[in-house]
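Open the model in your viewer and keep the selection tool at hand. The tour has two stops.

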Amino acid sequence: MENAHLEYQRQSVKQSSPEELITKLYDLAILSCYKKDKAKVREILNTLIKSLNFEYEISSTLYELYDYCRNILDEDKYDEVKELLEPIRDAWIQEVAQKRTQNVNLLNNRGFVA
């Protein structure tokens with residue numbers, strides 16, 4: 001049963017868009033805060049930092065936030081890390097949904113979608 005669940009997770013990651021992968025990272029970081037899994041939260045924060053594209057102005061702000069989260073994680077402040085990541089995740093999900101809607105509307109306007 002565990003192998004089937006693990007394979008499902010692998011396939012889910014392989015089939016995800018980059019935007020969906022970032023969402024999964026936020027979800028996993030928040031879940032790991034609930035579990036107080038410092039190593040996992042730190043690993044995810046490091047991955048989020050590596051994924052930043054500094055051509056965008058917001059990346060510097062996100063870097064500072066992720067770095068702050070890593071620092072307070074050393075003090076076992078899981079609730080604070082979670083409270084900082086949750087609104088970012090929610091805003092990310094909203095932005096991704098908005099872009100999808102714009103893309104669908106664009107395709108509709110061009111006659112690609114019925």
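Which helices each supply at least two residues of the lining of the largest pocket? They are α2 (18-35), α4 and α5 (78-109); helices here are DSSP runs of H or I with at least four residues, numbered from the N terminus.

This is a predicted model, in which local features need pLDDT of at least 70 and side-chain atom pairs count only at pLDDT 80 or more, while totals for chains, interfaces and linings use all residues. Residues are numbered from 1 along each chain as its sequence is written, and side-chain values use heavy atoms, without hydrogens and water.

**The pocket**

Select Glu19, Ile22, Trp92, Glu95 and Lys99, which lie nearest the centre of the largest pocket among its 22 lining residues. A pocket is an open set of points on a 1 Å grid over the protein atoms alone, where a 1.4 Å probe fits, with protein on both sides within 12 Å along at least five of seven lines; lining residues have an atom within 4 Å of a point. Now colour α5, the source of the largest share of the lining, eight residues.

**Two packed helices**

Next select α3 (residues 38-50) and α4 (residues 58-73), whose axes are 10 Å apart at an angle of about 165°. Axes are lines fitted to C-alpha atoms over the stretch in contact, and angles run from 0 to 180 degrees between N-to-C directions. The two helices are therefore roughly antiparallel (an angle over 145 degrees). Show the side chains where they meet (heavy atoms within 4.5 Å): α3 residues including Val41 and Leu45 meet α4 residues including Tyr66 and Arg70.

Technical notes: Angles under 35 degrees count as roughly parallel, over 145 as roughly antiparallel, 65 to 115 as roughly perpendicular and the rest as oblique.
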